Amino acid sequence: MKLVLLSAAITASTAFAPSNLLKTINVGSDLYSTPDEEPETFSILSEDSSNSDGDVAPAVVYTPINGWVPDDTKPLYGLPGAVAPTGFFDPLGFAQKGISLADVKRNREAEVMHGRVAMLASVGYLAGEAVGGNGPLGVVGPANDQLQQVPLPAFILLTVAIAAAELKRATIGWIEPDFDKWLQTLWQLRDNYYPGDVGFDPLGFKPTDPVKFADIQTRELQNGRLAMLGVAGMCAQELVNHRTIFETFEFYQKVYSGGNPYAECVGDSLIC
């Protein structure tokens with residue numbers, strides 16, 4: 001599971017973005033919920049669009065992607081994810097005014113994908129430790145210590161599966177780098193790519209209605225954010241006391257019930 005987390009962290013690197021150029025987004029892929037017919041476009045004219053001579057610069061033209069139209073007058077260009085009571089919460093300024101649309105989309109891509117990995121990891125921590133040595137791989141103990149117990153063939157298969165998934169995501173959402181123009185193409189998402197929408201929806205949860213899509217996207221983000229915090233806590237807890245999650249739960253049950261949590265320890269060991 002640590003390999004999964006490490007792989008996701010490597011792919012979410014930060015870089016730069018091109019300046020305010022005229023961009024027209026053409027939606028022509030079945031990955032997105034926008035219709036196949038000619039989509040409606042929106043022109044957004046920024047406050048500084050007039051030059052010194054009073055002429056108006058060309059407006060940036062956007063086509064809706066899953067019902068979302070980038071709007072630089074709104075926080076995070078209008079992407080969903082803000083909920084009460086905090087609303088738009090960005091204390092470190094990752095989406096402050098002046099951040100480019102390319103940076104915002106790339107940061108949201110990283111947030112969505114890390115959230116998905118964390119949701120899987122949170123289940124993996126509990127399921128892997130609950131199965132223990134009874135699973136097909138025979139791994140035991142805290143989840144932090146299980147990866148190095150995985151047999152080499154299974155480890156290779158896991159690595160290949162992660163690499164294949166990441167490469168597939170890269171071909172769907174990312175511009176192919178042109179090393180002659182690497183400052184304009186490296187780490188850039190495609191204009192018609194909605195962050196996190198890789199087209200994988202086997203259960204059909206993705207709605208076509210823009211309002212419902214924004215709602216379910218916010219739900220996914222909130223669960224992913226909680227999972228990232230939860231996995232970080234579980235990982236830290238196991239690094240500190242080297243117990244599984246369930247063993248830690250039983251330990252504190254004894255503490256708060258007045259029992260001796262170290263009664264079954266052998267010798268002077270505090271970890272048993």
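Analyst: **Lining of the second largest cavity**

Three nonpolar, two polar and four charged residues make up the lining of the second largest cavity; Ala, Val, Leu, Ile, Met, Phe, Trp, Tyr, Cys and Pro count as nonpolar, Asp, Glu, Lys and Arg as charged, and the others, Gly among them, as polar. The model is predicted, so local features need pLDDT of at least 70 and side-chain atom pairs pLDDT 80 or more, while totals for chains, interfaces and linings use all residues. Residues are numbered from 1 along each chain as its sequence is written, and side-chain values use heavy atoms, without hydrogens or water.

The structure holds two cavities of 30 Å³ or more, a cavity being a set of points on a 1 Å grid over the protein atoms alone where a 1.4 Å probe fits but cannot get out. Helix α2 (101-131) gives the largest share, five residues. Both α2 and α5 (210-241) supply at least two residues; helices are DSSP runs (H or I, at least four residues) numbered from the N terminus.

Two further residues make contacts elsewhere in the model. Asn144 sits in the loop between α2 and α3 (152-173). Asn144 is buried because its relative accessibility is 4%, where buried means under 20%, exposed over 50% and partly exposed in between (1.4 Å probe, protein chains only). Its side chain forms a polar contact of 2.5 Å with the side chain of Tyr125, and also reaches the backbone oxygen of Cys235 at 3.0 Å. A polar contact is a pair of N or O atoms within 3.5 Å, one able to donate a hydrogen and the other to accept it; residues adjacent in sequence count only if both atoms are side-chain atoms.

Phe246 belongs to helix α6 (residues 245-256) and is partly exposed, with 39% relative accessibility. Leaving aside residues up to four places away in sequence, Phe246 touches Leu126, Glu129 and Ala130, contact meaning heavy atoms within 4.5 Å. The C-alpha atoms of Phe246 and Ala130 are 8.0 Å apart, although 116 residues separate the two in sequence.

On confidence, the chain averages a pLDDT of 80, and 75% of the residues score at least 70; pLDDT is the predictor's confidence in each residue, from 0 to 100. Over residues 1-38 pLDDT stays under 50, as over residues 44-50.

Note on methods: On a 1 Å grid over the protein atoms alone, a cavity is a set of points where a 1.4 Å probe fits but cannot get out, and a pocket is an open set with protein on both sides within 12 Å along at least five of seven lines; lining residues have an atom within 4 Å of a point. Grid points are joined across faces, edges and corners, and a volume is the space filled by probe spheres set on the points.
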